[in-house]
There are 2 protein chains.
Amino acid sequence: MSDTSNVSIWMRPEQVQRAGPGRRPGYSRAQITATAIRIADADGLDAATMRRIGQELGTGAMSLYRYVPKRDDLIDLMVDAVASEIELPDRPSGDWRADLSLVAHQTRAAGFRHPWQVTLARRPTLGPNSLRVYDFALSALDGFGLHIDAMTTLNSMVANYVDSAVRDEIGWLEHARHTGMDRSQWMTEYVGPYVNQVVASGKYPMFSRNIREGTLSHQPPDVRFQYGLDYVLNAIADALPGQPIHRAPDAGPTTPGGC
Amino acid sequence: MSDTSNVSIWMRPEQVQRAGPGRRPGYSRAQITATAIRIADADGLDAATMRRIGQELGTGAMSLYRYVPKRDDLIDLMVDAVASEIELPDRPSGDWRADLSLVAHQTRAAGFRHPWQVTLARRPTLGPNSLRVYDFALSALDGFGLHIDAMTTLNSMVANYVDSAVRDEIGWLEHARHTGMDRSQWMTEYVGPYVNQVVASGKYPMFSRNIREGTLSHQPPDVRFQYGLDYVLNAIADALPGQPIHRAPDAGPTTPGGC
DNA sequence: AGCTATTCGAGTACGATGTACGCAAGAGAG
DNA sequence: CTCTCTTGCGTACATCGTACTCGAATAGCT
């Protein structure tokens with residue numbers, strides 16, 4: 001297992017039951033993954049080093065390589081383990097808006113539980129749990145006569161929104177861990193004076209207007225998230241051929257700032 | 001300058017003209033940034049180490065710290081330098097669809113020239129060039145009576161799409177650099193067999209259908225990008241109050257797969 | 001011109017990382 | 001027991017960002 005793996009981690013499943021001679025494994029892939037996630041949750045992904053994981057398991061760093069080919073593969077396992085927390089019914093309910101909304105909120109919640117996850121810029125994870133979520137979301141858009149290409153595109157719009165929204169909400173925390181300053185500190189000390197200077201310069205009217213009149217950044221995170229999600233879901237409603245039933249009651253999303 | 005900086009890089013501008021005693025600087029922030037970008041373009045962001053940058057400039061690693069507080073700050077400078085390549089008119093044309101499309105395509109092109117840029121998961125860059133692009137895009141959505149919160153949300157939809165689309169197109173290259181395998185190799189050797197196995201398992205019908213019937217991944221990148229972009233821009237058109245003029249001629253985006 | 005204050009250039013060094021290598025310890029099969 | 005295979009893990013190496021330090025260079029003042 002410690003060889004330079006040339007195939008995806010998903011093609012090298014753990015041999016949980018092995019017959020024949022040789023010492024029995026004292027650890028497991030799931031155990032290592034869980035430990036790594038616990039460390040990353042607490043102290044950030046960078047803290048989940050092979051040494052630290054080994055230490056918390058009561059062993060050395062190199063022992064882990066009997067179970068995981070490379071650290072990158074371990075991160076793949078971690079991402080898919082997070083996806084396993086996303087609770088979904090076996091099949092979509094038939095109300096696509098509710099189904100996609102469920103996926104969005106569940107994904108967001110999982111992102112909050114594991115802040116390190118949104119700081120990753122990775123190729124799509126092909127683990128079983130990630131595939132399960134993907135298939136559920138796409139199924140919700142099935143049956144409207146759309147081409148599969150259209151469905152994947154619309155689904156990507158939701159996924160992209162959730163990704164970037166959670167990243168905006170959380171991306172800080174990792175940054176805060178690096179620099180040791182919390183959000184208010186960042187705002188007031190780090191960029192605050194600069195933002196004021198930018199606004200005062202008058203060179204960027206729309207940016208300034210957003211700083212002055214924008215209410216979104218002062219809203220509770222849940223409200224902010226729902227606000228943008230409604231826009232995306234309405235966009236999908238408009239793209240679906242003749243299904244006005246599942247569109248939101250309002251003509252547009254609720255505007256927190258008042259219109 | 002080599003102290004632990006506690007304020008944003010944008011608040012510590014380079015003192016290009018300095019009076020008084022002391023040796024004159026032999027390098028410049030722009031020079032260092034340009035060199036770092038050149039290295040990152042050629043060999044990936046990880047290759048742009050302080051040592052390597054110094055070496056290419058004919059100096060040591062530590063000399064750079066006279067100009068840049070930390071490597072993270074240098075990356076901020078690099079990102080904003082990339083944004084400076086995005087060519088835009090001074091003000092929007094009045095055709096919001098054309099304006100946002102221009103920003104999208106220019107951003108994508110810049111992403112292709114600097115593949116390392118899309119692999120970053122960072123807080124928004126507040127450099128002058130990034131602000132310029134941001135202001136242009138928001139201005140294009142101004143004048144429709146929308147609240148600033150709505151404008152930023154719609155603009156984010158475009159930015160999110162471009163980000164993730166370019167990431168999908170390019171994210172590979174960084175991965176390829178790490179593992180040493182190119183795209184076809186990755187497809188056939190790394191995940192190909194696994195994908196076949198997943199499809200054969202029958203557990204993920206929508207994923208399988210996308211593999212079998214999906215045409216998007218076989219389209220030229222430009223077509224694929226435009227396909228998704230049309231969806232996003234149409235979504236914005238639907239969200240704009242009563243401005244059917246700038247909507248796309250077709251009812252929906254062109255479906256490459258034929259419908 | 002010479003002195004002084006100040007700034008830049010860069011070598012050395014430290015703690016950290018991922019992980020290749022090699023061997024000892026353990027466990028079923030004969 | 002002996003053989004064979006697997007796991008556990010200590011050691012070692014290359015590489016990273018960067019703190020510390022001091023000599024070299026330069027402008028203004030006497």
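Here is a tour with stops in chain A and chain B. Keep in mind that this is a predicted model.

**Stop 1: all of chain A.** Select chain A and switch to cartoon. Of the 259 residues in chain A, 36% are buried. Now think about contacts in chain A with a separation of 6 or more: 66% of them come from residues 24 or more positions apart.

**Stop 2: Thr59(A).** Stay in chain A and go to the loop between helix H2 (50-56) and helix H3 (71-83), where you'll find Thr59(A). Is Thr59(A) buried, partly exposed or exposed? Count the other C-beta atoms within 10 Å and you get 14; being buried would take 20 or more, and being exposed 12 or fewer, so Thr59(A) is partly exposed.

**Stop 3: two helices in chain B.** Hop over to chain B and select H1 (residues 29-43) and H3 (residues 71-83). Their axes are 9 Å apart, and the helices pack at an angle of about 80°. That makes H1(B) and H3(B) roughly perpendicular to each other.

**Stop 4: where they touch.** Show side chains for Arg29(B), Thr33(B), Ala36(B), Ile37(B) and Ala40(B) on H1(B), then for Leu74(B), Leu77(B), Met78(B) and Ala81(B) on H3(B); these two groups meet. Color by residue type, and this contact of H1(B) with H3(B) splits into seven nonpolar residues, one polar and one charged.

Definitions and conventions. Residues numbered from 1 in each chain as written. Chains lettered and ligands numbered in written order. Predicted model: local features only at pLDDT ≥ 70, side-chain atom pairs only at ≥ 80, totals over all residues. Axes fitted to C-alpha atoms, helices over the stretch in contact; angles between N-to-C directions. Helix = DSSP H or I, 4+ residues; strand = E, 2+ residues; numbered from the N terminus. Parallel < 35°, antiparallel > 145°, perpendicular 65-115°, else oblique. Contact = placed C-beta atoms within 7 Å. Nonpolar A, V, L, I, M, F, W, Y, C, P; charged D, E, K, R; others polar.
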